[in-house]
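Good morning, colleagues. Please look at the model on the screen while I take you through it.

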Amino acid sequence: MNPVILPAGQLPQETIKAFRWQDNLVHRHLDWLSLEERLTQPLAFACTRDGVLRALLSAAADSPQAAWLRLFECGRGYPHAQAFSSLLQAALASLQEQEVPTLYSLAFSDWFRDLLLGNGFQETDQVISLQLTSPQAAFPVLPEGFTLHQTRRVDLPEVLALDQVSFTPEWRLSDRTLEMIYQNQHYGTVMTDGSRVIAYQSSSANFQGMHLNRLAVHPEYQGRGLGAIILQDLIAQAQAWSTAALSVNTQRENHASRKLYARLGFQPSGKPVPVFELGVIH
Ligand SMILES: CC(C)(COP(=O)(O)OP(=O)(O)OC[C@H]1O[C@@H](n2cnc3c(N)ncnc32)[C@H](O)[C@@H]1OP(=O)(O)O)[C@@H](O)C(=O)NCCC(=O)NCCS
């Protein structure tokens with residue numbers, strides 16, 4: 001029988017669970033939401049043949065402007081390139097209906113990069129990892145009238161609005177993802193100009209030390225050293241906790257952030273991960 005493509009949410013949870021227990025071929029995006037949650041959202045598709053689940057794909061759009069390939073998982077022995085193309089076509093048709101213009105993907109492996117290239121994706125950037133070992137504090141001085149405090153739940157709506165105007169569409173957060181970042185953070189701060197939130201950072205703890213998950217300064221306030229101040233406060237905190245290393249991911253083309261991190265002593269670490277994109281609306 002021919003393969004059938006259907007929304008993943010139509011399959012029983014047990015079928016998906018049993019499939020995911022297998023030793024499958026997997027591309028998985030960095031994500032704050034669980035796959036269980038992603039697979040019940042729109043833009044998640046399943047490929048079945050002879051009534052058996054063969055492959056899954058999620059292309060959820062957290063912003064109306066950009067979707068990411070968050071999961072592609074295919075049973076070993078099933079033609080994965082064919083499954084990928086069919087699932088991708090279904091996802092692109094839905095994205096087109098919803099007028100989401102661009103689909104993005106990271107590629108952690110050569111086999112997945114080859115699939116992306118074979119389906120029209122183009123490499124446009126790279127995610128790079130940076131690390132600051134043995135953080136040394138230089139105590140920040142806030143401009144007069146500005147405040148810095150640890151993020152509280154009541155700050156989240158303003159933080160979300162700030163995130164939306166600071167980042168380009170593909171890197172914007174949904175309110176749900178921001179909530180997950182907030183719940184998992186070890187140290188989060190917001191800066192105000194005395195009346196509204198104009199910068200924030202959120203960092204989590206891991207086995208190696210701490211990881212800066214998010215940093216943004218409102219475009220009207222960029223280039224005045226405020227990003228450096230909020231980072232210096234984080235570095236002081238990391239030092240107070242005897243954190244061995246502070247890591248962050250940014251993009252090769254994000255020159256402002258690279259300049260800032262380099263100035264504060266961050267060094268490249270690990271292998272860059274290519275970022276691919278595909279235009280949905282031609
Ligand atoms: C990255 C970001 C947080 C920096 O905040 P900021 O308050 O502007 O930072 P600072 O003023 O302390 O320093 C920025 C540095 O980048 C430089 N810079 C700004 N725009 C630049 C550009 N387009 N190209 C090259 N350098 C640039 C500034 O001159 C400054 O360097 P300098 O101190 O050597 O002169 C801010 O640009 C931002 O919010 N960007 C959007 C969100 C983002 O990308 N966050 C980082 C994710 S990892």
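How many of the nine residues of β12 are buried? Before I answer, two remarks on conventions. Residues are numbered from 1 along each chain as its sequence is written. This is a predicted model, in which local features need pLDDT of at least 70 and side-chain atom pairs count only at pLDDT 80 or more, while totals for chains, interfaces and linings use all residues.

To the question, then: seven of the nine residues of β12 are buried, and the strand is mostly covered. A residue is called buried if 20 or more other C-beta atoms lie within 10 Å of its own, exposed if 12 or fewer do, and partly exposed in between, with C-beta atoms placed from the backbone. Helices (H or I, at least four residues) and strands (E, at least two) are DSSP runs, numbered from the N terminus.

Consider the partners of β12. Strand β11 (residues 197-206) pairs with β12 in the antiparallel sense over eight bridges; pairing here requires that DSSP finds at least two bridges between two strands. Within this pair, S204 has H211 in β12 as its bridge partner. β11 and β12 form a hairpin, with two residues between them. With β13, β12 pairs in the parallel sense over three bridges, and there L212 has V248 in β13 as its bridge partner.

The loop between β11 and β12 contains F207. Is F207 buried or exposed? F207 is exposed, since 5 other C-beta atoms lie within 10 Å. The C-alpha atoms of F207 and A244 are 9.6 Å apart, although 37 residues separate the two along the chain.

I turn to the ligand. There are 21 residues around the ligand, and those that come nearest are Q222, G227, A228, H255 and A256. The criterion for being near is a C-beta atom, placed from the backbone, within 6 Å. Which elements each supply at least two residues of this shell? They are β12 (209-217), α7 (226-240), β13 (245-251) and α8 (255-263). The most comes from α8, with six residues. By class, the shell has nine nonpolar, nine polar and three charged residues. In this scheme Ala, Val, Leu, Ile, Met, Phe, Trp, Tyr, Cys and Pro are nonpolar, Asp, Glu, Lys and Arg are charged, and the others, Gly among them, are polar.

Next, the chain as a whole. It holds eight helices and 14 strands. The C-alpha trace spans about 70 × 35 × 35 Å along its principal axes. The radius of gyration is 21 Å, which agrees with the value near 19 Å that a compact globule of 282 residues would have. That radius is taken over C-alpha atoms, and the globule rule is 2.2 Å times the number of residues to the power 0.38. Of the 282 residues, 33% are buried. Among contacts with a separation of 6 or more, 72% are between residues 24 or more positions apart; a contact means that two C-beta atoms, placed from the backbone, lie within 7 Å.

The domain assignment gives domain 1 (4-120) and domain 2 (128-272), with bounds that come from an automatic or database assignment. Their centres, taken over C-alpha atoms, are separated by 31 Å. Eight residues from domain 1 and nine residues from domain 2 take part in the contact. On the domain 1 side, these are four nonpolar, three polar and one charged residues.

Strand β7 (residues 102-106) is largely enclosed by the rest of the structure, because four of its five residues are buried. Strand β5 (residues 66-68) runs parallel to β7 and is joined to it by three bridges, with A67 standing opposite L103 in β7. Strand β14 (residues 267-279) pairs with β7 in the antiparallel sense over five bridges; here Y104 stands opposite E277 in β14.

I close with two backbone details. Most residues other than glycine have a negative phi. L43, which is not a glycine, has a positive phi of about 70°, and D50, also not a glycine, has a positive phi of about 55°. L43 is in the loop between α2 (35-40) and β3 (44-49), whereas D50 is in the loop between β3 and β4 (52-58). L43 counts as buried because it has 21 C-beta neighbours inside 10 Å. D50 has 9 such neighbours inside 10 Å and therefore counts as exposed.
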